Amino acid sequence: MITTWEREFTVYGHEQRIGTSLFSDVRPPIVCGPAGGFVVCRYDFTPVLVHEERRVSPLALDFGITNRISVGVYVPIVRVNTRAGFQLDTIGGPGNPGAIQRLDSILTDTTYALESIVGTSRRRRFFAGDMEANAKYRILESGNYALSGAVVVRFPTGHQDSPNNLFDMSTGDHQTDIEIQVAQELTLFDRLWLNALVRAGRQQPGTRERRVGPQSVLLIPHAALATLNWDPGDYAAVDVAPMFRFGGAFGVGITAGYWTQQRDRYSYRTAQDSVDVATRLGAPVSASVLDAGTAFRWARLGFAMTYASRDLEGSLSIEQTVTGSGGRVPVATVYRIVMRTSRWPF
């Protein structure tokens with residue numbers, strides 16, 4: 001699965017480039033001068049251009065205990081890559097070198113102690129994601145209808161994003177999830193294949209290193225950095241994929257998905273942690289300030305085609321996030337390729 005995006009939805013559902021709010025925090029100097037009898041002013045900055053990409057190469061193995069019961073494991077290898085830079089001029093050079101230097105000096109100053117605006121280094125691109133174990137049960141199966149349920153446990157094997165890099169990406173939440181899935185398949189007129197998957201997840205509390213400040217603000221002082229108790233919001237999702245089969249093995253159709261997640265909850269691990277942050281900042285700040293903007297929802301639409309034979313299955317889908325609100329939701333394009341095969345173990 002490959003997910004790419006350069007824009008994100010705001011809390012109001014509008015789209016903006018990643019990092020746009022950076023310039024609401026860093027006020028660039030205004031350069032003014034006479035032009036045609038008027039005084040014309042311009043902001044002296046160069047926009048930051050960010051392209052985010054996450055590739056997940058999963059290795060999945062399911063073992064059928066009976067015709068109805070199976071268990072399995074899912075091991076994702078995640079490649080994250082951020083390409084961050086500045087707008088170039090007509091000859092391929094930085095559009096405004098002076099503004100770039102000023103922005104870089106602000107980010108790397110001891111007040112913020114953030115990394116410079118650069119892409120993801122090679123040594124930080126490949127990591128394991130959050131591994132999963134699952135158990136599935138085929139509840140009902142008739143000639144044209146099937147219903148199944150599954151329990152998924154997700155383990156904290158991925159790594160979280162760094163609070164010292166504005167555009168770093170995680171490979172997992174690094175906390176335990178328990179997810180329930182219900183899937184159904186209905187075939188009508190031997191051609192129309194209706195698929196639906198409903199998921200609900202309970203995310204277990206963990207810890208997370210964050211700079212204590214509003215989620216909408218990119219530039220938060222390094223003095224606000226703390227390791228916090230983190231209770232991520234529970235989630236629910238629905239995916240449907242009506243397909244038309246042209247033959248016994250090949251089909252095409254559309255996909256639609258909806259995701260909603262509740263608000264995260266942050267708190268200090270100890271009273272001393274709260275005192276330390278207040279001492280460094282010169283004023284107390286509640287860890288709950290991080291809660292705002294963490295509840296979000298999004299919807300995706302896409303196209304899919306699939307091939308299925310007796311012991312081989314393959315599919316290709318392309319999806320686009322069309323709406324999002326509640327927080328920073330990527331305006332993402334998702335490319336998904338799936339290949340499965342079945343073999344008798346003995």
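1. Asp-234 and Arg-202 form a salt bridge, with the closest N and O atoms 3.2 Å apart; the term means a side-chain nitrogen of Lys or Arg within 4 Å of a carboxyl oxygen of Asp or Glu. Asp-234 lies in the loop between β14 (225-231) and β15 and Arg-202 in strand β12 (residues 192-203), so the pair ties together parts that are 32 residues apart in sequence. Strands (E, at least two residues) are DSSP runs, numbered from the N terminus. At 51% relative accessibility, Arg-202 counts as exposed (buried is under 20% relative accessible area, exposed over 50%, partly exposed in between; 1.4 Å probe, protein chains only).

2. The model is predicted: local features need pLDDT of at least 70 and side-chain atom pairs pLDDT 80 or more, while totals for chains, interfaces and linings use all residues. Residues are numbered from 1 along each chain as its sequence is written, and side-chain values use heavy atoms, leaving out hydrogens and water.

3. The count of salt bridges is 16. In one of them, Arg-154 meets Asp-177 at 3.0 Å, N to O. Arg-154 lies in strand β10 (residues 145-154) and Asp-177 in strand β11, so this pair joins parts 23 residues apart in sequence. Arg-154 is buried at 14%, as is Asp-177 at 3%. Salt bridges link Glu-132, Arg-154, Asp-177 and Glu-179 in a network.

4. Arg-55 and Glu-53 also form a salt bridge, their closest N and O atoms being 2.6 Å apart. Arg-55 is partly exposed at 37% relative accessibility, whereas Glu-53 is buried at 7%.

5. An open sheet has three strands in the order β3-β2-β21, with antiparallel pairing; strands pair if DSSP finds at least two bridges between them. β3 (15-17) and β21 (329-330) stand at the edges, each with a single partner strand, so one side of each lacks a neighbour in the sheet.

Note on methods:
Helix = DSSP H or I, 4+ residues; strand = E, 2+ residues; numbered from the N terminus.
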